[in-house]
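Biologist: I am new to this structure. Please walk me through one part of it closely.

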Amino acid sequence: MPSSTIRSISITVSDEDGAAAAAAPARRPRAGRRKAAARGLGQRAARLLARWWPVLLLLPAVALLLFEASRLRGSPPAPAAHASSLGRLEPTTRLVRGVREPCLKLVSPKSLANLVFPEGTKHDFVVKRITYKSDDDDYDTFHSEANSTYLLQHAEATRFNLFTGFQTPAEREDSFKVNETVNVHCGFYSDNGGFKISEEDKRYMRTCKVVVSTCAFGGGDDLYQPIGMANSSFDRVCYTAFWDEVTLSTQEAEGKVIGDNGMIGRWRIVVVKSLPFVDQRLNGKIPKMLTHRLFPEARYSIWVDSKYQFRRDPIAVLEALLWRTNSTFAISEHGARSNIYDEGKAIVQKHKATPEEVEVQLTQYHQDGMPGVKRLYGLKALAEASIIVRELTPAPNHFMCAWFNEVVRFTSRDQLSFPYVLWRMNMPGMSMFPVCSRRDLVNSLGHTRKVKPLTQTKPESSAS
C-alpha cells in the first residue's frame, strides 16, 4: 500500500481517537493511549512491509538455496546414471491381462544343457547359394579405360571404394532379385580395400559356430562383460569385440589390457587396421552387417551394440527368437515410430544426418515405389537395429549384403534403409520382437565417450 494512503488513514484515526478521549471517563485516557500506540506500531510495520516486501519474499528462497548447497557439499558425488544398470540380471516384465509376465521366456539352464541345434528351418528358401563380387572377377571391367573414367567422375559422389566394390545402379537393382544363386557386392571386394585382421585372429574366428559380436571404433564405448550365460554354453559361444588402434590405446590407458590369449574377460579382442571409411559409423556396419564374411564357419550370430551389456544366455536367445518361432532373422521393433518417412524426419531433427542426404535417400525410395505404410508383410515397418539375431545362411546373408550396400550408398542410419530392403526382398523367416524383449536382453549403459573421426592422408576412392 502507498505511504500517502497510510498517512491519510493515520490522520483520520488520530482525530477520532482524540474525540473519543474527550468524551471518555477519567479512567480511559491511558487505555486510549495504549491503543493509539499499538495502531502507530501497526502503521509503521505496514509502511516497512510496503517498502521491503520484495526482499522478504526473496529471503526464504535464498535460505533454501544455501541449505541445498550445503547439503550437496556434504554428500558424496552421485554415481553415473547408468551405473545401477551394470550387472543387473532380473528379468524385464510386462502386464498381460492383469498378470505380470517376463518379456522374454527362456528355457531353463537344465533344458539348455540338453538342447540340440536344429537341422534348419521349414522355410523353402529360393536362395540356395550366394557368391560375392571381387576385383578378381571384375578385373577386365574394373581396369578398362571407360570404367576408370566413370569411377573418377563419381569419386566424390558416394562412399563406394575398394572395400565395397563399385556397385552401379543396374547392379543395385539386380542385387534385390531373389534367385537360387546370387552374386552380389558384400564388402571385402579387394585385398587393398582395408579392414585388415591378423592371421591369428582369422584362425580363431574360423573356429566359431555361435558368435556374439560388438565393436567400438574411434575410442568409443567401454567393453562390458557379458553375464547370464549358463555353464553349458561356455564352450559353444565366441564373444568377439572389434576395436581399432584408437580404441585399443584408449582402453589400455584405462587399464584394460588384452591378455596373452587375446582376451579381456570373456571377449576376444580383434584389432582391425586400415579401416576403409572416414565415417566411423560406417566402419561399424562391417562387423554388424557382414558377420557371415568375418566368421565363414559360424552358423548363428547375435549382434549387440557397444552401449549395451549382454545379459542372457546366447543359446537360450537363439532358441527363443529363432528356433521356437521358426525364424532365421530376428530384430527389435522400433519403439517410437513405424513409418520410414517419419523416421527420416526424426533423423534430421536429431541431427543424425543432413537434410540433403536424407532427402536424396527418401526421394529415391519414393521413386522406387516404397510405400509409407506402418506394416510390411505382417511386420512393423520400422526396426531398431541395435540387436540382431540371425542364421548365417544364404538368404539372411543376401539380405545383409543388400542392406549394407544401401547404407554405403546413402546415409549411415541403417534404420532408414532396413524397411526398404525388407520391402524389396520379402525374405521368409524374418521376425521382429517387441521393445520389451530387447530390454530384457541387455542392460543399457549409454555411450561412454565421443568417437574420434578417422583421419586419412588420402580421400576415399569412390564411385556411384
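Biologist: Which strands does helix α7 (residues 199–206) lie across, and at about what angle does it run to β8?

Modeller: Helix α7 lies across β6 and β8, and its direction makes about 140° with that of β8. Axes here are lines fitted to C-alpha atoms, for helices over the stretch in contact, and angles run from 0 to 180 degrees between N-to-C directions. Contact means heavy atoms within 4.5 Å. Helices (H or I, at least four residues) and strands (E, at least two) are DSSP runs, numbered from the N terminus.

Some ground rules. This is a predicted model: local features need pLDDT of at least 70, side-chain atom pairs count only at pLDDT 80 or more, and totals for chains, interfaces and linings use all residues. Residues are numbered from 1 along each chain as its sequence is written, and side-chain values use heavy atoms, with hydrogens and water left out.

Eight strands build an open sheet, in the order β7-β8-β6-β5-β9-β14-β11-β15. The pairing is mixed. Two strands pair if DSSP finds at least two bridges between them. At the edges are β7 (263–264) and β15 (430–433), each pairing on one side only.

Two bridges join β7 and β8 in the antiparallel sense. Ile 264 stands opposite Trp 267 in β8. Next, five bridges connect β6 with strand β8 (residues 267–271), and these two run parallel. Here Tyr 239 faces that Trp 267. On to β5 (residues 210–216): six bridges join this strand to β6, again parallel. Thr 214 has Ala 241 of β6 as its bridge partner.

Is strand β6 (residues 238–243) largely enclosed or open? Six of its six residues are buried, so β6 is largely enclosed by the rest of the structure. Buried means under 20% relative accessible area, exposed over 50%, and partly exposed in between (1.4 Å probe, protein chains only). Cys 238, Thr 240 and Phe 242 point one way. Tyr 239, Ala 241 and Trp 243 point the other way.

Step back to the whole chain. The chain has 16 helices and 16 strands. Of its 464 residues, 46% count as buried. Take contacts between residues at least 6 apart in sequence: 85% of them join residues at least 24 apart.

Charged pairs also link the chain. The whole structure holds 18 salt bridges. A salt bridge puts a side-chain nitrogen of Lys or Arg within 4 Å of a carboxyl oxygen of Asp or Glu. One of them joins Arg 312 and Asp 440 (3.0 Å, N to O). This pair links distant parts of the chain, 128 residues apart. Arg 312 sits in the loop between β10 (308–310) and α11 (314–323), while Asp 440 sits in helix α16 (residues 435–441). Both Arg 312 and Asp 440 are buried. Arg 337 and Glu 343 form another, with the closest N and O atoms 2.7 Å apart. Arg 337 and Glu 343 are both buried too. Asp 174 and Lys 177 meet in a salt bridge as well, at 3.1 Å, N to O. Asp 174 is partly exposed, at 44% relative accessible area. Lys 177 is partly exposed, at 45%.
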